[in-house]
Amino acid sequence: TGTKSLKISIVNTDGYPDEIILDLINSAGVSIFSIAAGELTGDYEFKECLPAGEYTLNIEDSFGDGGTAYEISSDGVILGTIAGDSYLTDATITFTL
């Protein structure tokens, strides 16, 4: 199975990146990567090599107005997206790497 490259692109379209809360968890429920409210100051990319498997990116907007778009890809193949206007409080992307 090995490892695969993962890229999570975060494009803040509402001008308030400090509202973003993220948690990337693996199929065992273990948090691989997280961002707390107040940690982001603009657009962001997370790049990492992870074991192949199923993952879930939990997204929360602490203000409740959405506005941030997400794209998850591996080796140029898009595995999941969320448009900034498609949620207000929270959203989830589940994908297989």
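Buried residues make up 37% of the 97 residues in the chain. Buried means under 20% relative accessible area, exposed means over 50%, and partly exposed lies in between (1.4 Å probe, protein chains only). The model is predicted: local features need pLDDT of at least 70, side-chain atom pairs count only at pLDDT 80 or more, and totals for chains, interfaces and linings use all residues. Residues are numbered from 1 along each chain as its sequence is written, and side-chain values use heavy atoms, with hydrogens and water left out.

**Stop 1: the whole chain**

Show the chain as a cartoon. You will find zero helices and eight strands. Helices (H or I, at least four residues) and strands (E, at least two) are DSSP runs, numbered from the N terminus. Read from the N terminus, the elements go β-β-β-β-β-β-β-β.

Now zoom out. The C-alpha atoms fill a box of roughly 40 × 25 × 20 Å along the principal axes. The radius of gyration is 13 Å, which agrees with the value near 13 Å for a compact globule of 97 residues. This radius is taken over C-alpha atoms, and the globule rule is 2.2 Å times the number of residues to the power 0.38.

**Stop 2: the open sheet**

Select β3, β2, β5 and β8. These four strands form an open sheet in the order β3-β2-β5-β8, with antiparallel pairing. Two strands pair if DSSP finds at least two bridges between them. The edges are β3 (31–35) and β8 (90–96), and each pairs on one side only. Neighbouring strands in this sheet are turned by 10 degrees against each other on average, direction ignored. Axes here are lines fitted to C-alpha atoms, for helices over the stretch in contact, and angles run from 0 to 180 degrees between N-to-C directions.

Next, colour β2 (residues 20–26) and β3. Four bridges join these antiparallel strands. Asp23 stands opposite Ser34 in β3. The two strands form a hairpin with four residues between them. Click on Gly29 in the turn: its phi is positive, about 85 degrees.

Move to β5 (residues 54–61) and β8. Seven bridges join this antiparallel pair. Find Glu60, which stands opposite Asp90 in β8.

**Stop 3: Thr56**

Stay in strand β5 and select Thr56. Is Thr56 buried or exposed? Thr56 is buried, with a relative accessible area of 16%. The side chain of Thr56 makes a polar contact with the side chain of Thr94, at 3.3 Å. A polar contact is a pair of N or O atoms within 3.5 Å; within protein, one must be able to donate a hydrogen and the other to accept it, and residues adjacent in sequence count only if both atoms are side-chain atoms. Leaving out residues up to four places away in sequence, Thr56 touches Asp23, Leu24, Ile25, Thr92, Ile93 and Thr94.

**Stop 4: the aromatic rings**

Show the aromatic side chains. Rings of Phe, Tyr and Trp (its six-membered ring) pair if their centres lie within 6.5 Å; planes under 30 degrees apart count as stacked, over 60 as edge-to-face and the rest as tilted. The count comes to three aromatic pairs.

Pick Phe33 and Tyr44. They form a stacked pair, 6.3 Å centre to centre, with 5 degrees between the planes. Phe33 lies in β3 and Tyr44 in β4 (residues 44–51), so the pair ties together parts that are 11 residues apart in sequence. Phe33 is buried, at 11% relative accessible area. Tyr44 is partly exposed, at 31%.

Then pick Tyr55 and Phe95. Their pair is stacked too, with 5.9 Å centre to centre and 20 degrees between the planes. This pair links distant parts of the chain: Tyr55 in β5 and Phe95 in β8 are 40 residues apart. Both Tyr55 and Phe95 are buried.

Phe33, Tyr44 and Phe46 form one aromatic cluster.

**Stop 5: two loops**

Go to Glu39, in the loop between β3 and β4. Glu39 is exposed, at 52% relative accessibility. Where does the side chain of Glu39 reach? It reaches the backbone nitrogen of Ala36, at 3.1 Å. Glu39 and Ile21 are 18 residues apart in sequence and 8.6 Å apart in space, C-alpha to C-alpha.

Finish at Asp75, in the loop between β6 (68–74) and β7 (77–82). Asp75 is not a glycine, although its phi is positive, about 50 degrees. At 64% relative accessibility, Asp75 counts as exposed.

Definitions and conventions
Contact means heavy atoms within 4.5 Å.
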